[in-house]
Amino acid sequence: MIIDYIIAMLWSISPFGEAKVGIPFGMLRGLNIYLVFVLCFTANVLVFPLMMFFLDKINHYFLRWNFYKKSAIYVARKAKIGSGDKIKKYGFWGLIFFVMLPVPGTGVYAGSIATYLFKIEKKKAFLANTIGIFFSSLIIWVTTILTMKGIS
């Protein structure tokens with residue numbers, strides 16, 4: 001059972017799912033729905049400081065490698081196209097909304113990259129990402145509960 005909690009948390013820090021996958025995984029494995037929410041939400045929030053550390057301290061070393069540089073430029077362009085106008089126009093609220101959308105390509109990884117690219121103040125960006133993650137996790141959590149009960 002503890003292994004299932006760990007796997008749900010690992011999904012929640014993974015760029016391939018975040019809490020959008022971790023929460024349903026844990027709930028469908030029969031874990032405590034409240035504990036799954038808290039653990040997956042918390043794990044997902046931890047991504048922001050890890051990403052900021054990576055982007056601030058390590059990213060410039062990797063840019064020396066052509067493959068990484070091309071990939072980083074591709075991701076940066078996608079982030080600017082996908083979120084740039086909204087975040088520039090609405091700032092803090094735009095970042096919350098962007099991170100909150102429970103669809104592929106949004107979430108804390110994209111929000112962290114947008115924070116880095118648009119040079120948003122990190123404390124404000126952390127709060128915006130946390131609020132966005134909370135609402136995204138809540139949407140997924142409620143939807144999963146309703147689906148498991150056959151209501152949705």
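These notes cover the nonpolar cores and the salt bridges of a predicted model.

1. Main core. The largest nonpolar core has 22 residues. Those touching the most other members are M51, I87, L95, V108 and I133. Two or more residues come from each of α3 (33–45), α4 (47–62), α5 (66–90), α6 (92–100), α7 (108–117) and α8 (122–148).

2. Around I87. L95 is, like I87, among the core members that touch the most others.

3. Second core. A separate core holds twelve residues. Among them are I23, L31, V36 and W141. As a general point, nonpolar side chains in soluble globular proteins tend to be buried together.

4. Salt bridges. There are two in the structure. In general, side chains of opposite charge can pair when their charged atoms come close.

5. R29 with D4. The closest N and O atoms of this salt bridge are 3.3 Å apart. R29 sits in the loop between α2 (19–28) and α3, while D4 belongs to helix α1 (residues 2–13). The two are 25 residues apart, and the pair links distant parts of the chain. D4 is buried, at 13% relative accessible area. R29 is partly exposed, at 49%.

6. K122 with D56. Here the closest N and O atoms are 3.4 Å apart. K122 is partly exposed, with a relative accessible area of 40%. D56 is also partly exposed, at 33%.

Definitions and conventions: Residues are numbered from 1 along each chain as its sequence is written. This is a predicted model: local features need pLDDT of at least 70, side-chain atom pairs count only at pLDDT 80 or more; totals for chains, interfaces and linings use all residues. Side-chain values use heavy atoms; hydrogens and water are left out. A nonpolar core is a set of buried Ala, Val, Leu, Ile, Met, Phe, Trp, Tyr and Cys residues joined through side-chain atoms within 4.5 Å. Buried means under 20% relative accessible area, exposed over 50%, partly exposed in between (1.4 Å probe, protein chains only). Helices (H or I, at least four residues) and strands (E, at least two) are DSSP runs, numbered from the N terminus. A salt bridge is a side-chain nitrogen of Lys or Arg within 4 Å of a carboxyl oxygen of Asp or Glu.
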